[in-house]
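Hi,

Here is the structure I promised to pass on.

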Amino acid sequence: MEFRIGQGFDVHRFAAGRRCVLGGVEIAHPQGLLGHSDADVLTHAVMDAILGAIGGRDIGTLFPDTDPAFKDADSISLLEKVWTIARQDGWCLVNADISVLAEAPKLKPHISAMIQRLSGALQCTPTQLAIKATTTERLGFVGREEGIVATAVVLLSR
């Protein structure tokens, strides 16, 4: 059996007039995240982790922000496409460990729904996913509530 680890990182700034979508869940917040797609920073980190594990390119290469087809795209749908690529090459998800750094919005009430959305897209059980939320203790751009960071690590097998 072959195992591969992939690591993903993404960051998006807040912007007025945008929806705040994390892990495929829309969260009530005065600002959303700025990006060509829905700017779901959490899902983007998971996609890049999967692509890294399979030796693929990053999501910017697969879904370029210069392509109007991806304008306001649903990142869960993009994750499903990435996962299809991995599965076609014989990969199975062992687990994913995801961290989100944000002062606001508070994510704890939404983590269960995020896990449900991601487990559906990744065709796995919710117990194969861990999502943790933390703050930066008011330090840096996250602490000033200018944006959100997400990191993800995945373990794949085939």
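**The largest pocket**

The largest pocket comes out at about 240 Å³. Of its 14 lining residues, those closest to the centre are Ser37, His44, Ile59, Phe63 and Asp65. Strand 1 (3–15), helix 1 (41–53) and helix 2 (59–62) each give two or more residues to that lining. By type, the lining splits into six nonpolar, six polar and two charged residues.

Before going further, bear in mind that this is a predicted model, where local features need pLDDT of at least 70, side-chain atom pairs count only at pLDDT 80 or more, and totals for chains, interfaces and linings use all residues. Numbering starts from 1 along each chain as its sequence is written, and side-chain values use heavy atoms, with hydrogens and water left out.

Some terms for the pocket: on a 1 Å grid over the protein atoms alone, a pocket is an open set of points where a 1.4 Å probe fits, with protein on both sides within 12 Å along at least five of seven lines, and lining residues have an atom within 4 Å of a point. Points are joined across faces, edges and corners, and the volume is the space filled by probe spheres set on them. Ala, Val, Leu, Ile, Met, Phe, Trp, Tyr, Cys and Pro count as nonpolar, Asp, Glu, Lys and Arg as charged, and the others, Gly among them, as polar. Helices (H or I, at least four residues) and strands (E, at least two) are DSSP runs, numbered from the N terminus.

**The core**

Leaving out residues up to four places away in sequence, Leu42 touches Leu22, Gly23, Ile98, Val100, Met114, Leu118, Ile131 and Ala150; contact here means heavy atoms within 4.5 Å.

Most residues other than glycine have a negative phi, and most peptide bonds are trans. Here, the bond from Ala104 to Pro105 is cis, with omega near 0 degrees, and Pro105 sits in the loop between strand 5 (92–101) and helix 4. Gln123, not a glycine, has a positive phi of about 50 degrees; Gln123 is in the loop between helix 4 and strand 6 and counts as exposed at 54% relative accessibility. Arg138 also has a positive phi, near 65 degrees, and is exposed at 52%. Arg138 lies in the loop between strand 6 and helix 5 (140–143). For these labels, buried means under 20% relative accessible area, exposed over 50%, and partly exposed in between (1.4 Å probe, protein chains only).

**Two side chains to look at**

Gln128 lies in the loop between helix 4 (111–122) and strand 6 (129–134), and its side chain reaches the backbone oxygen of Val94 at 3.4 Å. Arg158, in the segment after strand 7, is partly exposed at 35%. The side chain of Arg158 reaches the backbone oxygen of Asp89 at 2.9 Å.

Cheers

Technical notes
Polar contact = N/O pair within 3.5 Å; in protein donor to acceptor, adjacent residues only side chain to side chain.
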